[in-house]
Amino acid sequence: MTTRVALFPGSFDPFTNGHLDVVRRGANLFDEVIIAIGNNSSKSRYLPVEQMVAMIEEVFRDEPRVSVRSYKGLTADFAREVGARYLLRGLRNTTDFEYENTIAQANRHLNPELETVFLITAPALAAISSTIIREVHRFGGNVDSFVPFSLPAYEAPTAS
């Protein structure tokens with residue numbers, strides 16, 4: 001029997017409780033879920049990729065079917081590289097669907113064996129986004145109920 005491997009790609013800057021919910025539900029559907037953090041060196045991140053990989057690995061330390069990796073390049077190519085035939089995506093609303101539909105079509109064009117599977121976000125988590133969490137955290141707000149770990153204290157960039 002073929003192992004069903006799903007790739008859950010994203011920037012995860014930071015990884016949220018909404019992402020956690022999608023991974024846990026995805027683990028019920030697939031044999032293996034790889035959380036794949038896209039590493040675009042031309043984009044500035046709020047938290048370094050290496051730090052986010054370590055924090056997410058700690059969250060899933062007792063779930064051997066879930067792993068965390070970073071990658072550069074096209075998601076469709078990385079999926080092929082790791083043997084994933086499914087992309088796992090969460091949808092919060094119709095805006096997410098429009099965006100994800102376009103991305104899914106492009107990925108399918110690049111890798112015809114790649115299917116995208118959408119999970120509707122749990123209503124209690126639908127308002128959470130990494131963008132909002134970054135903004136709240138940047139200005140000293142408490143984000144503990146939105147992320148599955150404690151975020152390090154924000155350090156404002158220094159002028160040089």
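I looked up helix H1 (residues 17-27) first, and nine of its 11 residues are buried, so H1 is largely enclosed by the rest of the structure; buried here means under 20% relative accessible area, exposed over 50% and partly exposed in between, with a 1.4 Å probe and protein chains only. Helices (H or I, at least four residues) and strands (E, at least two) are DSSP runs, numbered from the N terminus.

I noted that the model is predicted, that local features need pLDDT of at least 70 and side-chain atom pairs pLDDT 80 or more, whereas totals for chains, interfaces and linings use all residues. Residues are numbered from 1 along each chain as its sequence is written, and side-chain values use heavy atoms, with hydrogens and water left out.

Among the buried residues of H1 I listed Asn-17, His-19, Leu-20 and Val-23.

I then turned to the aromatic rings, where Phe, Tyr and Trp (its six-membered ring) pair if their centres lie within 6.5 Å, planes under 30 degrees apart being stacked, over 60 edge-to-face and the rest tilted. I recorded six aromatic pairs by this rule. The ring centres of Phe-15 and Phe-60 are 6.2 Å apart with planes at 85 degrees, so this pair is edge-to-face. Phe-15 lies in the loop between strand S1 (5-10) and H1, and Phe-60 in the loop between helix H2 (49-59) and strand S3 (66-71), so the pair ties together parts 45 residues apart in sequence. Phe-15 is buried at 0% relative accessibility, and Phe-60 is buried at 7%.
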